[in-house]
Protein chains: 2
Amino acid sequence: MAGGPHDEHDGKREPRGISLSRRGALGAAVGLSALGAQDAAARTTSSVDVVVVGAGFAGLTTARRLRASGHAVVVLEADERVGGRTKQGRIAGEVVDLGGQWVGPTQTRLLALAKELGVATYPQYDAGRNMIDIAGYRAVYKGETPQLTAEAMPEFAEVIGKIEAMAAKIPAAQPWQAADAEQLDAHTVESWLGLNTKHPAVRTMIRLMTRAVFSAEAGQVSLLYFLAYAAAAGSFNALISTRGGAQDALFEGGVWQLAQKMAAELGSAVVLEAPVQSIAQDGTGVTVTTPKGEWRARYIVVTAPPAIASRIQYAPPLPAQRDGLTQRMPLGCVIKVHIAYSRPFWRDQGLSGLVLSDRTEFGPWFDHSPTSGKTGSLVGFFDGAPAQRWADRTVEARRAQVLKDIALYLGDAALTPVEYLEEVWTRSPLNRGGYVSVPGPGVLTAFGPALREPFGRIRWAGTETAEAWVGYIDGAIRSGERAALDLAGQL
Amino acid sequence: MAGGPHDEHDGKREPRGISLSRRGALGAAVGLSALGAQDAAARTTSSVDVVVVGAGFAGLTTARRLRASGHAVVVLEADERVGGRTKQGRIAGEVVDLGGQWVGPTQTRLLALAKELGVATYPQYDAGRNMIDIAGYRAVYKGETPQLTAEAMPEFAEVIGKIEAMAAKIPAAQPWQAADAEQLDAHTVESWLGLNTKHPAVRTMIRLMTRAVFSAEAGQVSLLYFLAYAAAAGSFNALISTRGGAQDALFEGGVWQLAQKMAAELGSAVVLEAPVQSIAQDGTGVTVTTPKGEWRARYIVVTAPPAIASRIQYAPPLPAQRDGLTQRMPLGCVIKVHIAYSRPFWRDQGLSGLVLSDRTEFGPWFDHSPTSGKTGSLVGFFDGAPAQRWADRTVEARRAQVLKDIALYLGDAALTPVEYLEEVWTRSPLNRGGYVSVPGPGVLTAFGPALREPFGRIRWAGTETAEAWVGYIDGAIRSGERAALDLAGQL
């Protein structure tokens, strides 16, 4: 059943562009006001083969793929923009990413998409010496391996080795089927560290790494999820590394434009400011309700993270397994910050700009100077507990803290930036956090299979459902490809 | 500002009864259909001093108290009945509770309410011998202390002692302020058992107790929450005991009738089938939207559990702390079952009916024969993992499993009941589980203060917010009393 969406209102059939743009004009009021009462005039029902919920990389990939197979699709996006957990910003005249931004060499689906859409990458700057300040020991070092004290280093290497060995045994797509899944899932990373580390610096280091990777605290993250996440990336090392790892390269003009390009290609099939309120299934299809009207389809792909998808009303109700999962997959806490300077002054001292510290609220941060070389800039994060502490404060307070933290290591030049730009993901009602959902103990083993298990005509996508690079843009793309492939066989 | 609610629609003011019953008639369509479009005719705005969200014991108590102080209230309930996590059922001609049912001697607020409303209690039947079958050891015993093997008993006593000693140090109302809160909160009950038990029978016993108290698995529950829950009940022993503990007595005619009586007293101020869709705050008050119309109030008390309250749209949005909490407080998984027999045949063998086993899906179960003595009945639970496993199956399959499990211990007479009655709380979209929200590690210490922290004109109540008997009806009442007292000072 190919072809464009058609309008069933009054039995009239209109060409896609007109039909959708009319809905677009009618649905200007969104969010709260739209919830109260749906404009009666907007109650048109459009028919497509597949409704996709969410215009992030998962949803846009799903829609593109299905359309390429000749199927009619619509992408319903709650926000006023596409991109999901990627977002475009501008600071000191440069385009930057306020959400996901990096790509690594094994993130082959993201690299392929960028190549297809003609967007080039460039390496993350890592020349010069990194700084570290952990458990009272402050040092500069070169390369990927953080330097701790001489006594701590052997234990650090041993603990990383243990983590890698455990991760290598986890089936990334079904971590709940690991041999000792129940036991691993009964632990947090923190409780495991308590049993497997002696040196405070090692413990602190793994805590900081956990926080940077998951934007959550080691005491919140299930050990099984931690290991499965590493397994889905190939290794723990792949998660934390710059060169060769998940922070290897950046996109010229930002990664968000890939979403923008996909959306442009989909044209009026992407409907913004259309939060899905309900999904009703019957014997022949699904009816999807938004303040911008109703859609009827044979199948639906929900790409929103479980905690967001839980706000949709389902008829019939979700199975207990799936609803239970949505109650147990909180998003991490994160605030992303860009700071622009007139020049990358830290390079003068031979520093890479990268700082790992247990004495700051903000961090880690990275050199993010534009390739133009005209200005210097840093990008960094409040992650986990610090993101929580700072999310509900003012931008001025956060800015002051960020500059103070940077100055502590890079000097007073850090105190006079050209511009400050931030995105408080964890206070956004449509996102509720980032980068990814982070279940605590006992969730994956008990509810994990519900991550991808279809419910009638509903398929689940999104980076949380990926079988590789869970939590990353690459995983989102993979999940969309999987959903499209699955449905292409049904349509 | 006392007096009844008045209708602001068209500037007309109508007496409360007419106004509300009109809305009642208009809003017959609820749930999904009501979400799609609000009947334009129902868009009346009524004014009260306080809107209360949820007609469980917390909400009804709040409303009663505020009205007693002369304030105008409305209670908006999503369901078609009052009672929240209590609910009335009928089996073999007897009224029973499909939700909360027991009361203990230190649950003084619930006892006081029952006394005030003229409902008598009677003791839980505990004559005869209990049966136990743990880690391959099967026995019968008398009294409250479960019997394990002679080698296991000393360790069991020691572990219970450790739990009691740790719980005694937790400030029940602010567990995140315990001296070693972070460390306790990094563990699950299961990871703690791994470090503190040697005998498998002891481990299994604590796991079963955890499951019975929290309707969640030991590997899912934060150790800090586990201890705080015990602290809020006075002791761990108070949670697990029949005589003198939380399962001490029952209500003649069921506990649900207390909710019913409170609701009857509140009359048309309780509006059923009115799911709150949005709460908008401004300088002078709150506007609350439901499919049955809008309410305007000076304050609002939300008594729904965090995971349910997270589905409401808030303007301005919730602070990150509060939203973060709502993502991390899943409800436990529970199915409650009543089984009626022509007579309490187990009593013939001198058995109490209570069975604790690690070999059954269903259990524990208790003698629940009516005081009339006419028939015999049992009441029991699928809790935690078994509730998950069985929630999405058919009632016939569950019934067969329940009877098989009971027969294993009480004999083949168990296979021929007069009637079977169940409530699958964990598959109810309006409840999403029971008995209570059960956070995993790292939640209380990081997000706990948001449990009760007001957000502008919003107050939070419900048993999860109680300072004593968290998770019980008594705690719900206490939370309502606290919310009413707080607001009485502001109004």
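**Entry 1, the contact between the chains.** I began where the chains meet: 48 residues of chain A are in contact with 48 residues of chain B. For contact I used C-beta atoms, placed from the backbone, that lie within 7 Å. A note to keep in view is that this is a predicted model, where local features need pLDDT of at least 70, side-chain atom pairs count only at pLDDT 80 or more, and totals for chains, interfaces and linings use all residues. Residues are numbered from 1 along each chain as its sequence is written, while chains are lettered from A and ligands numbered from 1 in the order in which they are written.

My helices (H or I, at least four residues) and strands (E, at least two) are DSSP runs, numbered from the N terminus. H13(A) gives the largest share of that side, four residues. By class, the side of chain A that touches chain B holds 19 nonpolar, 18 polar and eleven charged residues. I counted Ala, Val, Leu, Ile, Met, Phe, Trp, Tyr, Cys and Pro as nonpolar, Asp, Glu, Lys and Arg as charged, and the others, Gly among them, as polar.

How is chain A laid on chain B? A turn of 180° with a shift of 0.0 Å along the axis does it, at an RMSD of 0.0 Å. That is the relation of a two-fold axis. The same surface serves both copies, as 100% of the contact residues of chain A recur in chain B. The superposition was by least squares on the C-alpha atoms of residues with pLDDT of at least 70 in both copies.

I then took up the domain assignment, whose bounds come from an automatic or database source. Chain A is given domain 1 (6–84 + 256–318 + 455–488), domain 2 (88–126 + 247–253 + 332–427) and domain 3 (154–240). Where domain 1 of chain A meets domain 3 of chain A, the contact takes six residues from domain 1 and five residues from domain 3. The domain 1 side has four nonpolar, one polar and one charged residues.

I traced an open sheet of five strands in chain A, in the order E11-E4-E3-E15-E22, with parallel pairing. Pairing here asks for at least two DSSP bridges between two strands. Strand E11 (270–271) and strand E22 (458–460) of chain A stand at the edges with a single partner strand each, so one side of each has no neighbour in the sheet. E3(A) and strand E4 (residues 73–76) of chain A are joined in the parallel sense by four bridges, and A:Val53 has A:Leu76 as its bridge partner in E4(A). Helix H3 (residues 57–68) of chain A packs on the sheet, touching E3, E4 and strand E15 (299–302) of chain A. The direction of H3(A) makes about 170° with that of E4(A); axes are lines fitted to C-alpha atoms, for helices over the stretch in contact, and angles run from 0 to 180 degrees between N-to-C directions.

I stopped at A:Val50, which sits in strand E3 (residues 50–53) of chain A. Is A:Val50 buried or exposed? A:Val50 is buried, because 29 other C-beta atoms lie within 10 Å. My cut-offs are 20 or more other C-beta atoms within 10 Å for buried, 12 or fewer for exposed, and partly exposed in between. Beyond four places in sequence, A:Val50 touches residues including A:Leu66, A:Val73, A:Ile300 and A:Leu487.

A:Pro306 is in helix H12 (residues 306–309) of chain A, and A:Pro306 is buried with 27 other C-beta atoms within 10 Å. A:Pro306 and A:Arg328 are 22 residues apart in sequence and 8.5 Å apart in space, C-alpha to C-alpha.

Strand E17 (residues 334–341) of chain B pairs with E20(B) in the antiparallel sense over eight bridges, and B:Ala340 stands opposite B:Ser377. Strand E19 (residues 365–367) of chain B is joined to E20(B) by three bridges, also antiparallel, with B:Asp367 opposite B:Leu378.

Conventions. Contact = placed C-beta atoms within 7 Å.
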